[in-house]
Amino acid sequence: MKKKFLLYLTDEEVTLYKGANEKLYTCKENLKDAQQQLQNVLSNSPKVSLRLLIDRNHQSIQEEKLPFLLPWDRMRFLSHKKAEWQTQGGYVGFHFFKQKREAYFRWVHVSQKDSLISWLSWVKSLPNPSGGIFFVPLEAGIFLKKTLSVSNNYQMILYPLSSAGMRHVIFKGNRLLLSRLSQGEEDLKSSLHFLSRTYPDIHESLDVLSLIKETPSFLPHVKILSDPQALLSFLSAQKRPSLSFSQSSSSSLLRLRVAAGVALLSMLFLTGYNVYQGLDYKRKVLTLSPEIGFLKDRVRYLNSLLKNTNVPTLRTASEHYHYLRARPLNPIEAFEKLSFLLKKQEIHLENLRWLHGQKLEIMMSLVMEDKIGEPLATHFERFLLACKDLFPKSQIHVIKGPFNSSIREIFKTPSPTSLPLAQIKIIFP
Amino acid sequence: MKFEPFLMLGLGCGFTFGLWVTLNFKNVQSTNFIKSTTEKRALQIQIKSLEDDLIFLRRHQKELEFLFEKGWFIPKNRLIAGDVLEKLRGSLNNIQYTFEPETIKCLEETYTFKSTKIVLEVRALLESDIYAFLNRVSDKFPGILTPQEIILTRGEELSEKTLLMLRQNKRPDFVRGKLVFEWFAMGTKDHEN
């Protein structure tokens, strides 16, 4: 594995390392010239990545305790923060973290006016691939946890800075409480005193990791590492910084990103919806398939039963036949009944006429025997009553009576040789 | 980030392609579903129709056999019909029949029949002979007949001649009848006259 270039930036000094141990260049005074000289060094190995380690006095790492926020409130909070950073431009990195059920927001904002910007721009302009931007005090917290133990107590790391003495960084769990340069014991004491006003128990539960040779004696629970470059080695071996640091994007770009994100999410949603619907249709088709198979078998079976049978023709034939039968045309039954009646009543049929029409009508002429002792009218009336009994719903019209009793006729008893002729019409319903 | 636009573009292309593929998948499955549903419905209708046909055949089996026998679909030959009339004459003294040319008759613009007018002139001793003949014809004629006109008249008067004939076991023509029938068979509208 190739060793990375590590560019260690403090307020007063710039140092270039190759790996953790090989110091290539140091500059303390004219930092602009330093960039030119560093470029010359780095251009010799343009494929080796360059990692920027920032360790300044300026408290650029900030933390804020957050109240309980719902996700959308958190988004709103973040959008306000971003808007604030955008007005100042520069670079920004942030993340949320939790400690003891309380939420914190940590961020680093290097504004456009900050002197660090020139270094960040310069590093960006180099052909060497970027190895990331690391804030040393922040990464020191991770180093502390690895070296000591994961704890929610107070932890302090002391590490040397090449010219300006040493830096002490104090954490409480994940929270960074203080990062300060110190020249001696007094500075350390004043830092602890300062913190003790907010955290009165700091003296009792403070674990210290020291990378310097002359560790102040008043500090309790001190673990001393013999290798002063241990932190640098750790920073060199880190894969990525704990805080992702990038250029603060403009609002239009942000809107574009949001729009792109929404569009992608919408497409993802639509894709999912289409897949769901497609699978649902597929499931339904699979359910329908056996039903269709069964229905096809049934159709085949029924067709085999109806083989060579022209059912529509048969239906038409039946329908035609029933229509014909429904027409009240057949008088034969009426004739038979009438024949029996005439025989019984001793009446002789002279003629009978039935013509096909809308109604069933029988016109008949008949002769009646004039019986001695019985008036002809009584005989005729009995016949008519019998007719009415036989055809109860029919109308019987007497066209001509057998009496010859009108004033213009000869009325004589007993009757002459020719029998009296009557004519009636029976209209069936 | 230098790669962000490319990443977004790649994701956009990928998602668009994915969307197109899934949309196509959904459309194909939807078409399959509609096709299956339509097929199922068509099969159900077909089965219903076939079952109705079967029920119709079972219910009307005797009637259809009767219609086949009576020549409702294809009328019987006139020679056969005439022969049957001769056989059915029974106690009639005389029978003469005329089969008029077949015509197509439309009733209520829906029902079309082949119609043949048959005119029978009969002579008998008694009118009951004619009624019996009418009954036989309506039962056994090889076709569907509907009466159109029935006229019975007194023929010869009772006289010495007729009495003599009766004594000689001859049957005088006391009753004469004109019987007009229509012989119907099923027709089609496009049948040529």
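Predicted model: local features only at pLDDT ≥ 70, side-chain atom pairs only at ≥ 80, totals over all residues.
**Entry 1: Ground rules**

Chain A has 429 residues, and 22% of them count as buried. I then asked how far apart in sequence its contacts reach. Of the contacts between residues at least 6 apart in sequence, 61% join residues at least 24 apart in chain A.

Along the sequence I read the pattern α-α-α-β-β-β-α-β-α-β. Chain B has 193 residues, of which 22% count as buried. For contacts in chain B between residues at least 6 apart in sequence, 70% join residues at least 24 apart.

**Entry 2: A sheet in chain A**

I went back to E4(A) and followed its sheet. Five strands of chain A form an open sheet, in the order E3-E2-E1-E4-E8, with mixed pairing. Which strands stand at the edges? They are E3 (22–27) and E8 (130–135) of chain A. Each has a single partner strand, so one side of each is left without a neighbour in the sheet.

Helix H1 (residues 31–43) of chain A packs on it and touches E1, E2, E3 and E4 of chain A. The direction of H1 makes about 150 degrees with that of E3(A). Helix H6 (residues 230–237) of chain A packs on the sheet too, touching E1, E2, E4 and E8 of chain A. The direction of H6 makes about 125 degrees with that of E1(A).

**Entry 3: Strand E1 of chain A**

I picked out E1(A), residues 5–9. How many of its residues are buried? Five of its five are, and the strand is mostly covered. I sorted the side chains by direction. A:Phe5, A:Leu7 and A:Leu9 point one way, while A:Leu6 and A:Tyr8 point the other way. Both groups are buried.

I then checked the partners of E1(A). With E2 (residues 14–18) of chain A, the pairing is antiparallel, over five bridges. There A:Leu6 stands opposite A:Tyr17. E1(A) and E2(A) form a hairpin, with four residues between them.

**Entry 4: Helix H8 of chain A**

I tested the length of H8(A), residues 311–326. At 1.5 Å a residue, its 16 residues should span 22 Å. Its end C-alpha atoms are 22 Å apart, which agrees.

Then I asked which residues of H8(A) are buried. I found A:Ala317, A:His320 and A:Tyr321. Seen down the axis of H8(A), the buried residues fall within an arc of 95 degrees, so they line one face of the helix. An α-helix has 3.6 residues a turn, so residues three or four places apart point the same way. On the other side of H8(A), I noted A:Pro312, A:His322 and A:Ala326 as exposed.

What covers the buried residues of H8(A)? The cover includes parts of chain B: helix H2 (61–69), strand E3 (111–124) and strand E5 (175–186). That sent me to the interface.

**Entry 5: Where the chains meet**

I looked up the contacts between the chains. 51 residues of chain A are in contact with 56 residues of chain B. On the side of chain A that touches chain B, the elements giving two or more residues are helix H7 (251–305), H8, helix H9 (332–345) and strand E15 (347–355) of chain A. The largest share, 24 residues, comes from H7(A). By type, the residues on this side of chain A divide into 29 nonpolar, 13 polar and nine charged.

E15(A) pairs with E4 (residues 144–154) of chain B in the antiparallel sense, over five bridges. In this pair, A:Leu355 has B:Glu149 of E4(B) as its bridge partner.

How values were computed: Residues numbered from 1 in each chain as written. Chains lettered and ligands numbered in written order. Buried ≥ 20, exposed ≤ 12 C-beta atoms within 10 Å, placed from the backbone. Contact = placed C-beta atoms within 7 Å. Expected span 1.5 Å × (residues − 1). Arc of directions from axis to C-beta. Nonpolar A, V, L, I, M, F, W, Y, C, P; charged D, E, K, R; others polar. Pairing = 2+ DSSP bridges. Axes fitted to C-alpha atoms, helices over the stretch in contact; angles between N-to-C directions.
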